[in-house]
Amino acid sequence: MMLFSHCLGRQITVRSCNSIPTLSHVNKIIQNCVANIHLGMVKRLTSPSNCENTNQTPLYIDYSPELSVIDEHCSGSDVIICQNFVNENEEQNLLLEIESAIKRLRYQSDHWDDAIHGYRETEKANWNPSNAVIIERIKKFAFPPGSPTMKLVHVLDLQEDGFIKPHIDSVRFCGNTVAGLSLMTDSVMRFVSASNKSLKIDIFLARRSLYIMRNAMRYDFTHEILHNKESFFNGEQVHKSRRMSVICRNEPPPSNL
């Protein structure tokens, strides 16, 4: 996990885990997968075996130099990346069920808020028993106890030449946390500060990884999936093929409705 702060007064934390967590281990992971930067120095703490613990920025995170400035008065956990959140069999089981739900849908070239191009989507409330376990694992890992999650899970199918433009999810339709499982392909997700375009984080989203964004990254940064023409990470092109994402959100607070 790497911790970053910026002039918006909120802390950005990037945490990374490397293997598939079970429900019985999720709470322990949340409590123990901790490392942080304080005044530019990394504090290395004991972590479970499936969490990365390093004093180097993870190889799949690239950020602008401005984000190295640390504000010791901030606190929070804003980005979590969990590699291999599902295994190959679990990915295939999810895709089989999703394909049956979307096979009659046509790909679209635009979106109601102009955020997505080359996509089709659906929402699912009910999953077969094996996939329901995965959805529950996502929610258990991504959301704190007692946080009401949306019953409908968003499924987004992005074509090979499709992309997601920079946007911030509406506060009317989503709470402070978004968790997305990336299937079928690698891709690059970019976060850019809405108030200072020089503050940027690129994250290499490996196939079968889970990203979680909350707080500052949810409200103060746009996020996007880069078009193949722009999809580079550390100078290397990352070609995105067809991408399926399974996205869970928590409910917005009543004040936002």
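Colleague: What makes β9 and β16 a pair?

Modeller: Two strands count as paired if there are at least two bridges between them. β9 and β16 have 6 bridges, so they pass. One place to look is Val178, which stands opposite Arg249 in β16.

Colleague: Which way does β9 run relative to β12?

Modeller: β9 and β12 (residues 210-214) run antiparallel, and 5 bridges join them. Here you can find Leu181, whose bridge partner in β12 is Leu210.

Colleague: Why is strand β9 called largely enclosed?

Modeller: A residue is buried when its relative accessible area is under 20%. In β9 (residues 177-183), 7 of the 7 residues are buried, so the rest of the structure largely encloses this strand. In a regular strand, side chains alternate between the two faces of the sheet. For β9, both faces are covered: Thr177, Ala179, Leu181 and Leu183 are buried on one side, and Val178, Gly180 and Ser182 are buried on the other.

Colleague: How do you know whether Arg208 is buried or exposed?

Modeller: Its relative accessible area is 15%, and the cut-off for buried is under 20%, so Arg208 is buried. You will find Arg208 in the loop between β11 (200-205) and β12. Its phi is near 75°, a positive value in a residue other than glycine. Asn234 also has a positive phi, near 50°, and sits in the loop between β14 (232-233) and β15 (236-237).

Colleague: What about Cys82 and Cys174: are they buried or exposed?

Modeller: Cys82 has a relative accessible area of 1%, so it is buried. Cys174 counts as buried too, at 1% relative accessibility.

Colleague: How many disulfides are there?

Modeller: The count comes to 0 disulfides. To be counted, a pair of cysteine sulfur atoms would have to be within 2.5 Å.

Colleague: Where should I be careful with the pLDDT?

Modeller: The protein chain averages a pLDDT of 78, and 70% of the residues score at least 70. Over residues 1-11, though, the pLDDT is below 50, although this stretch has 64 contacts in the model beyond near neighbours in sequence. Residues 69-76 also stay under 50, with 20 contacts beyond four places in sequence. Where pLDDT is low, the predicted coordinates should not be read in detail.

Note on methods:
Residues are numbered from 1 along each chain as its sequence is written. This is a predicted model: local features need pLDDT of at least 70, side-chain atom pairs count only at pLDDT 80 or more; totals for chains, interfaces and linings use all residues. Side-chain values use heavy atoms; hydrogens and water are left out. pLDDT is the predictor's confidence in each residue, from 0 to 100. Contact means heavy atoms within 4.5 Å. Buried means under 20% relative accessible area, exposed over 50%, partly exposed in between (1.4 Å probe, protein chains only). Helices (H or I, at least four residues) and strands (E, at least two) are DSSP runs, numbered from the N terminus.
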